[in-house]
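The sequence and structure come before the details.

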Amino acid sequence: MKRALITVALIFGFVGLACAAGKTIDGDLTVTGTLAPSGNVTQADAKYIATDETRARDSGGLKLYDDGGNGIFVKDGGNVGIGTASPSQSLQIVKDQNSATMVQVANANSAAGSAAGIQLNVDAGAAGGLLLFGPNDAVRPDTMVFYAGSGVSNGLKFESDVGHIVFMPSSGNVGIGTTSPGYELEVS
(Lines give C-alpha, C1' and ligand atoms only; values in the text may rest on other atoms or scores of the structure.)
Protein backbone atom coordinates (compact mmCIF):
# COMPACT_ATOMS: atom_id res chain seq x y z
CA MET A 1 0.00 0.00 0.00
CA LYS A 2 1.35 3.40 -0.97
CA ARG A 3 1.37 6.14 1.60
CA ALA A 4 0.77 9.77 0.77
CA LEU A 5 3.61 12.23 1.01
CA ILE A 6 2.69 14.62 3.79
CA THR A 7 4.57 17.85 4.35
CA VAL A 8 4.32 19.67 7.64
CA ALA A 9 5.71 23.19 7.85
CA LEU A 10 5.99 25.51 10.82
CA ILE A 11 5.95 29.11 9.62
CA PHE A 12 5.50 32.04 11.99
CA GLY A 13 3.81 29.84 14.56
CA PHE A 14 1.29 28.28 12.12
CA VAL A 15 1.39 24.63 11.12
CA GLY A 16 0.73 23.83 7.48
CA LEU A 17 -0.20 20.31 6.30
CA ALA A 18 0.16 19.48 2.61
CA CYS A 19 -0.59 16.24 0.81
CA ALA A 20 0.75 15.66 -2.71
CA ALA A 21 -1.90 15.93 -5.46
CA GLY A 22 -3.87 12.73 -6.01
CA LYS A 23 -2.61 11.18 -2.79
CA THR A 24 -4.66 10.14 0.22
CA ILE A 25 -4.24 10.08 3.96
CA ASP A 26 -4.63 6.49 5.13
CA GLY A 27 -6.24 6.53 8.57
CA ASP A 28 -7.74 9.19 10.76
CA LEU A 29 -6.97 12.88 10.55
CA THR A 30 -7.85 14.92 13.61
CA VAL A 31 -7.82 18.69 13.33
CA THR A 32 -8.14 20.87 16.40
CA GLY A 33 -9.03 24.34 15.20
CA THR A 34 -10.05 25.33 11.69
CA LEU A 35 -9.64 23.18 8.60
CA ALA A 36 -9.67 25.49 5.57
CA PRO A 37 -9.16 23.57 2.32
CA SER A 38 -8.50 25.69 -0.76
CA GLY A 39 -10.15 23.15 -3.08
CA ASN A 40 -12.90 20.54 -3.00
CA VAL A 41 -13.02 17.85 -0.34
CA THR A 42 -14.29 14.51 -1.67
CA GLN A 43 -15.20 11.51 0.40
CA ALA A 44 -15.76 7.89 -0.62
CA ASP A 45 -19.24 6.46 -1.19
CA ALA A 46 -21.03 5.23 1.94
CA LYS A 47 -18.87 7.46 4.14
CA TYR A 48 -20.17 10.42 6.08
CA ILE A 49 -19.16 13.48 8.01
CA ALA A 50 -20.29 13.43 11.63
CA THR A 51 -20.75 16.85 13.18
CA ASP A 52 -22.90 18.65 15.70
CA GLU A 53 -23.00 21.94 13.82
CA THR A 54 -22.44 23.34 10.34
CA ARG A 55 -22.18 27.08 9.69
CA ALA A 56 -21.89 29.28 6.65
CA ARG A 57 -18.49 30.94 6.50
CA ASP A 58 -19.89 34.28 5.35
CA SER A 59 -23.12 36.15 4.54
CA GLY A 60 -23.53 34.14 1.33
CA GLY A 61 -25.61 31.52 3.15
CA LEU A 62 -25.28 27.77 3.46
CA LYS A 63 -25.84 25.48 0.47
CA LEU A 64 -26.38 21.73 0.29
CA TYR A 65 -26.57 20.34 -3.26
CA ASP A 66 -27.05 16.94 -4.83
CA ASP A 67 -24.95 15.85 -7.82
CA GLY A 68 -27.48 17.48 -10.17
CA GLY A 69 -27.12 20.92 -8.61
CA ASN A 70 -30.50 20.83 -6.82
CA GLY A 71 -30.55 21.55 -3.18
CA ILE A 72 -31.36 23.33 0.02
CA PHE A 73 -30.22 26.85 0.76
CA VAL A 74 -30.20 28.61 4.12
CA LYS A 75 -30.09 32.34 3.43
CA ASP A 76 -28.23 34.65 5.77
CA GLY A 77 -30.98 35.65 8.22
CA GLY A 78 -32.62 32.21 8.37
CA ASN A 79 -34.94 31.85 5.35
CA VAL A 80 -34.76 28.35 3.84
CA GLY A 81 -35.09 27.67 0.14
CA ILE A 82 -35.58 24.31 -1.52
CA GLY A 83 -35.01 24.69 -5.24
CA THR A 84 -34.18 28.40 -4.85
CA ALA A 85 -31.08 30.20 -3.61
CA SER A 86 -33.05 33.37 -2.81
CA PRO A 87 -35.94 32.42 -0.50
CA SER A 88 -38.14 35.42 0.34
CA GLN A 89 -40.17 33.62 3.01
CA SER A 90 -39.28 31.51 6.05
CA LEU A 91 -39.66 28.42 3.84
CA GLN A 92 -39.93 28.68 0.07
CA ILE A 93 -40.11 25.66 -2.23
CA VAL A 94 -39.63 26.10 -5.99
CA LYS A 95 -39.82 23.34 -8.58
CA ASP A 96 -39.89 23.83 -12.36
CA GLN A 97 -41.70 20.78 -13.71
CA ASN A 98 -44.67 19.87 -15.87
CA SER A 99 -46.56 18.21 -13.01
CA ALA A 100 -47.78 19.00 -9.49
CA THR A 101 -45.30 20.38 -6.97
CA MET A 102 -46.31 19.07 -3.55
CA VAL A 103 -45.23 19.06 0.06
CA GLN A 104 -45.87 15.83 1.92
CA VAL A 105 -46.43 15.42 5.64
CA ALA A 106 -46.81 11.72 6.42
CA ASN A 107 -47.62 9.67 9.50
CA ALA A 108 -46.80 5.98 8.99
CA ASN A 109 -48.96 4.99 11.98
CA SER A 110 -52.64 4.20 11.34
CA ALA A 111 -53.71 3.58 14.94
CA ALA A 112 -56.64 5.45 16.47
CA GLY A 113 -55.81 9.12 16.89
CA SER A 114 -53.07 9.15 14.26
CA ALA A 115 -53.15 12.06 11.85
CA ALA A 116 -50.90 14.11 9.60
CA GLY A 117 -51.33 17.81 9.14
CA ILE A 118 -50.12 21.36 9.05
CA GLN A 119 -50.76 23.67 11.98
CA LEU A 120 -50.43 27.44 11.79
CA ASN A 121 -49.96 29.54 14.92
CA VAL A 122 -49.96 33.27 15.59
CA ASP A 123 -48.70 34.40 18.98
CA ALA A 124 -49.36 31.83 21.68
CA GLY A 125 -53.10 31.33 21.28
CA ALA A 126 -54.49 31.54 17.74
CA ALA A 127 -54.06 28.26 15.87
CA GLY A 128 -55.60 26.70 12.83
CA GLY A 129 -54.69 24.24 10.16
CA LEU A 130 -55.38 21.22 8.08
CA LEU A 131 -55.50 17.65 9.37
CA LEU A 132 -56.05 14.31 7.65
CA PHE A 133 -57.15 11.57 10.05
CA GLY A 134 -56.33 7.91 9.45
CA PRO A 135 -58.78 5.08 8.78
CA ASN A 136 -58.82 3.89 12.39
CA ASP A 137 -59.65 7.18 14.08
CA ALA A 138 -62.68 6.64 16.36
CA VAL A 139 -64.25 10.07 15.74
CA ARG A 140 -63.14 11.16 12.24
CA PRO A 141 -61.97 8.14 10.20
CA ASP A 142 -60.54 9.03 6.77
CA THR A 143 -61.56 12.68 7.22
CA MET A 144 -59.85 15.89 6.10
CA VAL A 145 -60.44 18.74 8.55
CA PHE A 146 -59.81 22.46 8.11
CA TYR A 147 -59.92 23.86 11.60
CA ALA A 148 -59.76 27.12 13.49
CA GLY A 149 -58.69 26.68 17.11
CA SER A 150 -60.23 28.34 20.14
CA GLY A 151 -57.90 31.34 19.83
CA VAL A 152 -59.31 32.15 16.37
CA SER A 153 -62.27 34.32 17.32
CA ASN A 154 -63.26 35.35 13.78
CA GLY A 155 -63.93 31.84 12.49
CA LEU A 156 -62.90 30.10 9.31
CA LYS A 157 -63.11 31.77 5.89
CA PHE A 158 -62.71 30.57 2.34
CA GLU A 159 -61.91 33.59 0.19
CA SER A 160 -61.11 34.49 -3.37
CA ASP A 161 -59.67 37.70 -4.78
CA VAL A 162 -63.21 39.15 -4.94
CA GLY A 163 -64.05 38.53 -1.30
CA HIS A 164 -65.61 35.98 1.04
CA ILE A 165 -67.08 32.85 -0.50
CA VAL A 166 -67.81 30.79 2.62
CA PHE A 167 -67.60 32.08 6.19
CA MET A 168 -67.96 30.03 9.35
CA PRO A 169 -67.79 32.29 12.41
CA SER A 170 -67.20 30.89 15.88
CA SER A 171 -71.01 30.85 16.39
CA GLY A 172 -71.19 27.74 14.19
CA ASN A 173 -73.39 29.31 11.50
CA VAL A 174 -72.28 29.12 7.87
CA GLY A 175 -72.48 32.04 5.49
CA ILE A 176 -72.11 31.85 1.73
CA GLY A 177 -71.62 35.34 0.33
CA THR A 178 -72.08 36.94 3.77
CA THR A 179 -69.74 37.56 6.69
CA SER A 180 -72.50 37.68 9.32
CA PRO A 181 -74.75 34.63 8.91
CA GLY A 182 -77.73 34.78 11.28
CA TYR A 183 -78.86 31.20 10.57
CA GLU A 184 -77.24 27.78 10.50
CA LEU A 185 -76.90 28.32 6.73
CA GLU A 186 -77.37 31.71 5.13
CA VAL A 187 -76.84 32.31 1.42
CA SER A 188 -76.63 35.87 0.12
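## Burial and surface

A residue is buried when its relative accessible area is under 20%, exposed when over 50%, and partly exposed in between, with a 1.4 Å probe and protein chains only. Of the 188 residues in the protein chain, 12% are buried. The accessible surface of the chain is about 15,300 Å², computed by the Shrake-Rupley method with a 1.4 Å probe. Carbon and sulfur atoms account for 53% of that surface.

## Basis of the values

This is a predicted model, in which local features need pLDDT of at least 70 and side-chain atom pairs count only at pLDDT 80 or more, while totals for chains, interfaces and linings use all residues. Residues are numbered from 1 along each chain as its sequence is written, and side-chain values use heavy atoms, leaving out hydrogens and water.

## Secondary structure and contacts

The protein chain has 0 helices and 13 strands. Both are DSSP runs numbered from the N terminus: helices are H or I with at least four residues, strands E with at least two.

Contact means heavy atoms within 4.5 Å. Of the contacts between residues at least 6 apart in sequence, 6% join residues at least 24 apart.

## Aromatic pair

The structure contains 1 aromatic pair. The ring centres of Phe146 and Phe158 lie 5.6 Å apart with planes at 80°, so the pair is edge-to-face. Rings of Phe, Tyr and Trp (its six-membered ring) pair if their centres lie within 6.5 Å; planes under 30 degrees apart are stacked, over 60 edge-to-face, and the rest tilted.

Phe146 belongs to strand β9 (residues 144–148) and Phe158 to strand β10 (residues 156–160), 12 residues apart. Phe146 is partly exposed at 47% relative accessibility; Phe158 is also partly exposed, at 33%.
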